[in-house]
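Me: Could you walk me through this structure? I'd like to go through it bit by bit.

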Amino acid sequence: MNNETLVQNKKSWDKAAERFFARNPLPEYGPFAPTEEDLQLFGEVKGKRILVLGCGSGHSIKYLDGKSPSELWGLDLSHVQIQTAKHLLAESNTSIQLFESPMEENPGIPSAYFDIVFSIYAIGWSTDLRKTLANVFQYLNDGGLFIFSWEHPLYNRMSHENGQLVMTKSYHEEGAYNHHAWQEPATMQQYKLSTYINLLIASGFHIEQIIEEVCITEEDKERHSNGWYSPDKASLLPTSFIIKCRKPNI
Ligand SMILES: C[S@@+](CC[C@H](N)C(=O)[O-])C[C@H]1O[C@@H](n2cnc3c(N)ncnc32)[C@H](O)[C@@H]1O
């Protein structure tokens, strides 16, 4: 791994990891987003080979483990996250493979092998979205599904002040920016929704569904009462987007 941003982000994630253990794993797609229980994007999981990019502490894998998939694979940049996931999943009866690796690189994942690849709130960390999507396309079987969620590109470009939304950053601005919220420097990427869509199309995917809805439950209101994701702001614009797409059958 000789990309400076990835080396820095790995250090940063290793420090921050603990705060994110079990944060928004499946069936959740993100704060105030509808859940997999609402959306049923995966369909039948039994007997399927599934890979997750940015598997974090392994809680999404744990959720799927209860649904009899044939194999569960995960990768994550952070050593701390992968060690936590290994510990969490140690008792599983499913075949599980975990890699400490950036999603931009292939650490030894087979081609044309998976029925489903998914990623929850991790894809926006990719320093090379085109390469990451090409990897996903390569890992999938013909007809295989790719499902991912990320923060909606409008959410961090707008602030919510006195009941009004104020544009604080241009929607047109794309690329790397410093993630100021952490003590240890980290670099995130920002793209327009159309960039995600156009790169998926250019990578060969057929897009089946894009979800921008919010779902504000009483429990979520309490959970996010003081955070970056606020129910008041979420009632005016989406916090997350979710895309379901497919590698077409040849
Ligand atoms: C917000 S967490 C997602 C957690 C995950 N959804 C879960 O269920 O626990 C984002 C994850 O992306 C990982 N990450 C950041 N940059 C990455 C990269 N370039 N390649 C792979 N994983 C990365 C982080 O280490 C972190 O575990």
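Me: Let's begin with the hairpin of β6 and β7. Which residue there takes a positive phi?
Reply: That's N162, with a phi near 50°. The hairpin has two residues between the strands. Keep in mind that this is a predicted model.

Me: Okay, and in which sense do β6 and β7 pair?
Reply: Antiparallel: β6 (residues 158-161) and β7 (residues 164-167) are paired over four bridges.

Me: Who stands opposite L165 in β7?
Reply: H160 does.

Me: Switching to the open sheet. What's the strand order?
Reply: Going across, you get β3-β2-β1-β4-β5-β11-β10, seven strands with mixed pairing. β3 (95-100) and β10 (206-211) are the edge strands, each pairing on one side only. From one strand to the next, the twist averages 15°.

Me: Remind me, what holds paired strands together in general?
Reply: Strands of a sheet pair through backbone hydrogen bonds, in either a parallel or an antiparallel way.

Me: So how do β1 and β4 run, parallel or antiparallel?
Reply: Parallel, with three bridges joining β1 (residues 49-53) to β4 (residues 114-120). If you want a pair to click on, L51 has V117 in β4 as its bridge partner.

Me: Which helix lies across β2 and β3?
Reply: Helix α4, residues 79-88. The helix runs at about 165° to β3.

Me: Now the ligand. Which residues come nearest?
Reply: There are 21 residues around the ligand, and D76, Q81, M103, E104 and I120 come nearest.

Me: What about polar side-chain atoms by the ligand? How far is D76 from its oxygen?
Reply: An N or O atom in the D76 side chain is 2.6 Å from an oxygen atom of the ligand. S60 also has a polar side-chain atom by a ligand oxygen, at 3.2 Å. E104 lines up with a nitrogen atom of the ligand instead, with a polar side-chain atom 3.1 Å away.

Me: How much of the ligand does the protein bury?
Reply: The protein buries 97% of the 590 Å² that the ligand exposes when taken alone.

Terms used: Residues are numbered from 1 along each chain as its sequence is written. This is a predicted model: local features need pLDDT of at least 70, side-chain atom pairs count only at pLDDT 80 or more; totals for chains, interfaces and linings use all residues. Side-chain values use heavy atoms; hydrogens and water are left out. A residue is near a molecule or strand if one of its heavy atoms lies within 4 Å of it. A polar contact is a pair of N or O atoms within 3.5 Å; within protein, one must be able to donate a hydrogen and the other to accept it, and residues adjacent in sequence count only if both atoms are side-chain atoms. Accessible areas come from the Shrake-Rupley method with a 1.4 Å probe; for residues, only the protein chains shown count as cover. Two strands pair if DSSP finds at least two bridges between them. Axes are lines fitted to C-alpha atoms, for helices over the stretch in contact, and angles run from 0 to 180 degrees between N-to-C directions. Contact means heavy atoms within 4.5 Å.
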